[in-house]
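Please look over the sequence and the model below.

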Amino acid sequence: MKQSSIFWPTLILVAWTFLVLVQVPIRRFRAAFAGRVTAADFACGESDRVPTDVALPNRLFMNLVEVPVLFYTVSIIGFVTGNVTPALLSLAWLYLGLRLLHSVIYLTYNHVVHRFVVFAASNGVVIAMLMLLGWALAG
């Protein structure tokens, strides 16, 4: 198997993260032009006056740069050590799918329980990837 295959799900997640990031200024400017927010509402992050639909992309972006860092790290370690297996690659694709689903839930109907279940499952996948890689490195 081609070791660099692990970078497809990682690159797609990086691209997705940038697409979410683009939503932050788009929604902020739209809200500002509509008179729903002012620049002062963002002086120290986001004030309580920022509407939910404007704040969501920023919160999602922050979420996409937290735990995914661990996913990227495991993927890179797997590649560098030559331990990218079909199982590790499958878990990487599953992680990507769960993170995309989490994002879609967040930006659409935002049901907290649904979002949490997908988020928790994606974290479980990263833990499984870490364990799989740890066993490979120990063996």
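This is a predicted model: local features need pLDDT of at least 70, side-chain atom pairs count only at pLDDT 80 or more; totals for chains, interfaces and linings use all residues.

Residues are numbered from 1 along each chain as its sequence is written, and side-chain values use heavy atoms, with hydrogens and water left out. The protein has five helices and zero strands; helices (H or I, at least four residues) and strands (E, at least two) are DSSP runs, numbered from the N terminus.

**Overall fold**

- The order of elements from the N terminus is α-α-α-α-α.
- The C-alpha trace spans about 60 × 30 × 20 Å along its principal axes.
- Of the 139 residues, 37% count as buried, where buried means under 20% relative accessible area, exposed over 50%, and partly exposed in between (1.4 Å probe, protein chains only).
- Taking contacts (heavy atoms within 4.5 Å) between residues at least 6 apart in sequence, 74% join residues at least 24 apart.

**Helix H1**

- H1 covers residues 7–33, and its 27 residues should span 39 Å at 1.5 Å a residue; the end C-alpha atoms are 40 Å apart, which agrees. The expected span is 1.5 Å times one less than the number of residues in the helix.
- Pro 9, Thr 10, Leu 13, Thr 17, Val 20, Val 24 and Ala 31 are the buried residues of H1.
- These buried residues pack against helix H2 (52–64), helix H3 (68–80) and helix H4 (86–107).

**H1 against H2**

- The two axes come within 8 Å and cross at roughly 155°. Axes are lines fitted to C-alpha atoms, for helices over the stretch in contact, and angles run from 0 to 180 degrees between N-to-C directions.
- That angle makes H1 roughly antiparallel to H2, since angles over 145 degrees count as roughly antiparallel, under 35 as roughly parallel, 65 to 115 as roughly perpendicular and the rest as oblique.
- H1 passes H2 in a left-handed crossing: the near helix is turned anticlockwise from the far one by less than a right angle, whereas clockwise would be right-handed.
- On the H1 side the contact includes Leu 13, Trp 16, Val 20, Arg 27 and Arg 28, and on the H2 side Asp 53, Pro 57, Phe 61 and Leu 64 are among the residues involved.
- The contact residues comprise 11 nonpolar, three polar and three charged. Ala, Val, Leu, Ile, Met, Phe, Trp, Tyr, Cys and Pro count as nonpolar, Asp, Glu, Lys and Arg as charged, and the others, Gly among them, as polar.

**H3 against H4**

- H3 and H4 pack at about 160° with axes 12 Å apart, and are therefore roughly antiparallel.
- Their crossing is left-handed.
- Pro 68, Phe 71, Val 74 and Gly 78 of H3 meet Leu 88, Ala 92, Tyr 95 and Arg 99 of H4.
- Six nonpolar, one polar and one charged residues make up this contact.

**Single residues**

- Leu 91 is in H4 and touches Val 125, Ala 128, Met 129 and Leu 132, not counting residues up to four places away in sequence.
- Leu 91 and Ala 128 are 37 residues apart in sequence, with C-alpha atoms 7.8 Å apart.
- Asn 110 lies in the loop between H4 and helix H5 (112–138).
- Phi of Asn 110 is near 50°, a positive value in a residue other than glycine. Most residues other than glycine have a negative phi.
- Asn 110 counts as partly exposed, at 22% relative accessibility.
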